[in-house]
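Hi there,

Here is the structure I promised to pass on to you. Please open it beside this email and follow along as you read.

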Amino acid sequence: MDTHQNAIIQLKLNNTAEALEKNNFTAYIAEDKAQAVEILKTLINEGDTIGLGGSATLNELGVVELCRDPKYKLLDRYAKGLSPSETSEILRQSLLSDVFITSTNAVTENGELYNVDGRANRVAAMLFGPLSVVVIAGYNKIVKDIDAADNRVRQIAAPMNCVRLSRETPCTKLGHCADCRSEGRICADRVIMSRQMTKGRVKVILVKEELGY
């Protein structure tokens, strides 16, 4: 990116981080993916039980492999050979993890997190249960407000995630949300996290690179 684009992105990151802090989130800014991972490492401790939200961002960062280190106790939803019932049980156990690591569909410039889930295991853990939640988001997920966040989900996140998850939904054919009633629909629960009652429980790492959908 050129210097002008870099300056605007940095300004957006700084302003969003400041807004998050005002809402009792703890905000970090990472220059790139490598620094984001280094910040994450400071937020998890040896012996921690770790849960993961489904996320293209975490895959890009290699977070699953990082958390498979034997010094952590990963509730590994991606382990080979798991049956649907075993996967479901891991998702349930993740609600009581020491640290839950995930991304978010959007971060507003007002310091809010906006997410749309299918089974709601991700948003449930973000809201309550795990002692600590770490959210990692590329600058591409920063939007002006909640309306823009919802539009981002409809136009970008939902269609791309449906393709990633091989869902038979209209958005995989149209490229945008059709507000469908499909059995494969992943948009069921919309959650706005506007402020944290427990200051610092949720940490947000904003990354100066595009990540995920």
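Below is what was found in it, starting with how to read the values.

The model is predicted, so local features need pLDDT of at least 70 and side-chain atom pairs count only at pLDDT 80 or more, while totals for chains, interfaces and linings use all residues. Residues are numbered from 1 along each chain as its sequence is written, and side-chain values use heavy atoms, with hydrogens and water left out.

Let's begin with the sheet. Four strands form an open, mixed sheet in the order β8-β5-β6-β9. Strands here are DSSP runs of E with at least two residues, helices are runs of H or I with at least four, and both are numbered from the N terminus. Two strands pair if DSSP finds at least two bridges between them. β8 (142–143) and β9 (189–193) are at the edges with a single partner strand each, so one side of each has no neighbour in the sheet. Strands β5 (106–108) and β6 (113–117) run antiparallel and are joined by 2 bridges; Val 107 has Leu 113 in β6 as its bridge partner.

Asp 150 sits in α7 (residues 146–164). Is Asp 150 buried or exposed? Asp 150 is buried, because its relative accessible area is 17% (buried means under 20%, exposed over 50%, partly exposed in between, with a 1.4 Å probe and protein chains only).

Glu 168, in the loop between α7 and α8 (171–174), is exposed at 64% relative accessibility.

Enjoy exploring!
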